[in-house]
Amino acid sequence: MKKIISILRQPYPYYNLTEKLPLNAFIIFISVFLFLLTFTPFSVNHAEHRYSYTVICLVHAGLAAIIYFVFFLVINNLFSSLTKEENWKVYKAIGAIAILFFLVGVGSFLVRPLIYDSPENYSRQHFVDETVNTFLLGTLIFAGFTFYDFYRLLKANQSGALGFGSELEKHKTMHQNQLISISVENEPYELDLATFLFAKAEGNYTEFYFYKNSQLVKQLKRASLKSIEEQIAPLVPAAIRTHRAYFVNTSHITKMSGNAQGYQLYFHDIDLSVPVSRALIPAFKKLMQVN
């Protein structure tokens, strides 16, 4: 039980970003349609059908795709902090899918009069059948996929993180005694690469993190992370964007680990880690010269 709870609390990629919803909805439409058409998972009374079974499968598949699209569009717009990659966990992914399938079941119940010719379309039994069947079947399939995907990503990223040992040592010697000047708040800002660890986006501000006198020191400046990256990257080959919210000086990375979302970077003896998101792993590997 403890192992299951531990897995459920592990980080997990968020696949339902707004820009990906149209493609994901199309994939769901095709998958549900082919599944229903091929396997006919539940009892079918053709005498009640207003249309052919193929059309009914299209209706159910389209309904699932539309509810998915609207559900995650609402989540992304009203609960954006919940869906940030650093906050998304396995249990949240499974919980969201469970709610989604319950909604699909309710939707399937509500559209029954459109596709079935039965005086009992809105009976309690049909409501239970539509919601429970959709919920159970969908949750079982997607919960299984989530656990499989979690283990696949976890093993791959843990293995990948182990391959950076010698490269970390090489990068420790890069640009350790260099001051660079950038513009912050329209003023010159001297950045000491010997102590600069990473920068983190905080809305319209950027937090600079330094390691000075064996302590973590933080400075908040009014500047976007993008502007900081654009100024530092051409001057510091060892610096790279590792996440939408982090820009890192790789010279100070002391160790790495992997999870389902990507890599985690650690600095000195600081109880703090910085993520490398899945999308930016190839660029990170290229910088670190890891195949």
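**Reading pockets and a sheet**

Reader: How much space lies in the second largest pocket?

Author: About 390 Å³ of space lies there, where a volume is the space filled by probe spheres set on grid points joined across faces, edges and corners. Lining it are 15 residues, of which Y14, L17, E85, R244 and S277 come closest to the centre. A pocket is an open set of points on a 1 Å grid over the protein atoms alone where a 1.4 Å probe fits, with protein on both sides within 12 Å along at least five of seven lines, and lining residues have an atom within 4 Å of a point. The model is predicted, so local features need pLDDT of at least 70 and side-chain atom pairs 80 or more, while totals for chains, interfaces and linings use all residues. Residues are numbered from 1 along each chain as its sequence is written, and side-chain values use heavy atoms, without hydrogens and water.

Reader: Which residues lie nearest the centre of the largest pocket?

Author: They are V32, L36, F101, T134 and L137, among 47 lining residues, and this pocket has a volume of about 1400 Å³. Helix α6 gives the largest share of that lining, 11 residues (helices are DSSP runs of H or I, at least four residues, and strands of E, at least two, numbered from the N terminus).

Reader: What is the strand order in the open sheet?

Author: The order is β8-β9-β10, with antiparallel pairing (two strands pair if DSSP finds at least two bridges between them). Because β8 (253-259) and β10 (273-277) each have a single partner strand, one side of each is left without a neighbour in the sheet. Strand β9 (residues 262-267) is joined to β8 by six bridges, and L265 in β9 is the bridge partner of M256.
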